[in-house]
Amino acid sequence: MSDRKEPVLDEVRKYHREASPEREFIPGTTEIWPSGAVLDEEDRTALVEAALEMRIAAGRSCRKFESAFARRLKRRKAHLTNSGSSANLLAVSALTSHLLEEAQLKPGDEVITVAAGFPTTVNPILQNGLVPVFVDVDLTTCNATADRVAAAIGPKTRAVVLAHALGNPFPVAEIARLAEEHGLFLIEDNCDAVGSLYDGKLTGTFGDMTTVSFYPAHHLTMGEGGCVLTSNLALARIVESLRDWGRDCWCEPGESDKCLKRFTYQMGTLPAGYDHKYIFSHVGYNLKATDIQGALGLTQLAKLDGFIEARKRNWRRLRDGLDGVPGLLLPDATPRSDPSWFGFVLTVDPEAPFSRAELVAFLEDRKIGTRRLFAGNLTRHPAYIGRPHRIVGELTNSDVITDQTFWIGVYPALTDEMLDYVTASIKEFVAAHG
Ligand SMILES: Cc1ncc(COP(=O)(O)O)c(C=O)c1O
C-alpha cells in the first residue's frame, strides 16, 4: 500500500508546482485580497495523504495537532472544533456546566463584552440565556479598556468575553486582574491574534479559556476549524464533553475503557454498570473537526512563526507608508503589546473632505480588497434588537467604527510591491480630495 502512496504524493507535489505558478503583480488588475489562505506543496500533500488514507473523521492528526498547538500556545489542553464560532460556543457553554458547582453561570447572569466586534464572540452569551453587557472600545486600538470593563461590573456580572481586535491585544493583564478581583471568568477570543504578545506573554494565556479560528482568513488555516484552549483541566473536560455529544466518557473514538471502569458507573437514574461510553452528563453538541482538517493544521502550524513575522512586517510597511496622511486615523498597537496582526484598520476622520464609502469605492476599483471591522456596533443589527442586554456608557466609538472604519490586508502572501501600491493609492486619493 505504502509503495503506491509515495508515487501518488510525488505526483501531487508536481501538480502543486504546475498549478501554482508565480503570479505577476499588475497594479490595478491583480486583486490584493484583505486575507487568504497561504497554502504550499506540503499542505496540499498532507491533504491528499489524509484523503488517501480515508481519515475522514477526527483521528490521529487531530490529536497530534491538539497537543502540538497546546504546547505552542502554552496551554495544557487544546480541543479542535469545526470553527472558531463553535469554539466560542463551547467556551461560554462550559461556564454553564453543573460540574462547576457554585461557579456555574445561570440564565440571567451577565457577561461583559464589546459592542464593536464579531457576532459569534457575543452570540454564545445569548444562546446560553446569559445577558451581554456591552461596552465601547478605544478608537485607535479598537479594543475595550480596563476602565470601561470595570465600570460595567455589577452584582450579576459573572464573566468577561473579549476578542483581541484584528490581532491587537486588549489590555489583557489589567482585565485579567479585574476578573480575578471580582471572581469573574475571562475568555479571550484569540481568533484574530495567534502569536500576539502582551507584556511579553502570549495572548490566550491570561484568561480561563481561549479560542482560535482556522478559517482561511486567519493566521493558520484548516479551511474551516477552530480550537478551545485552557490550562484548567476541569474546564477542558467540560469542553470535551460538550463538543462530543455531551458524553461523560473521555475515550477517543475507537478507544474504550481507558479509565478501566467502563461498566462500573452509576449516574443519574441509569442502571448500575450502564456503558460509560453512552452516559451523557451535558446537553452537548457534535462540533468536532475531521482528520483532513487536522492534517492541514499540522503542516500550517510548522509555518506559523514565518506567518506571524510576515504579518508584522506587512503591517509596519503600511503604517510607515501612511504616517501623516491627513483625514485618516491610523491604528496603534496597544501599549505593552506586540501584535500578530490580522488586518490594518483605518478610520476616516468624520471631518475629512471625503467619506469612507468614497475611499473604499476607490480602493475596490483598483482591486484593493477592503473589509468592515466586522459588525460595527452589534446592538444596531436586526439580530440583537429586542434581545436582553445592558449597555454601559455611550457606544460613541462603536458608532464611529460603524460609519467610518474599514480594514485592508496584511496577510503573508502580500508583497512589498502590493503594499506600496496600496499606500500610493490611498495617498493619491487623499491628495485629490485635499
Ligand atoms: C474575533 C473572531 N471571533 C470569532 C470568529 C469566528 O470564527 P469562524 O469563522 O471560524 O467561525 C471570527 C471569524 O473571523 C473572528 O474574527
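**View 1. Helix 4 crosses helix 8 in a right-handed sense.** Right-handed means that the near helix is turned clockwise from the far one by less than a right angle. The model is predicted: local features need pLDDT of at least 70, side-chain atom pairs count only at pLDDT 80 or more, and totals for chains, interfaces and linings use all residues. Residues are numbered from 1 along each chain as its sequence is written, and side-chain values use heavy atoms, without hydrogens and water. Helices (H or I, at least four residues) and strands (E, at least two) are DSSP runs, numbered from the N terminus.

**View 2. Leu-90, Ser-93 and Ala-94 of helix 4 meet helix 8.** Their partners are Ile-238, Val-239, Leu-242 and Arg-243. Contact means heavy atoms within 4.5 Å.

**View 3. The largest nonpolar core has 35 residues.** Such a core joins buried Ala, Val, Leu, Ile, Met, Phe, Trp, Tyr and Cys residues through side-chain atoms within 4.5 Å; buried means under 20% relative accessible area (1.4 Å probe, protein chains only). Val-149, Val-160, Leu-162 and Ile-175 have the most contacts inside this core. Helix 7 gives the largest share, six residues.

**View 4. Leu-162 contacts residues including Val-149, Phe-170 and Ile-175.** Neighbours within four places in sequence are left aside. Another core, of 30 residues, lies apart; among them are Leu-328 and Phe-354.

Note on methods:
Buried < 20%, exposed > 50% of the residue type's maximum accessible area, 1.4 Å probe, protein only.
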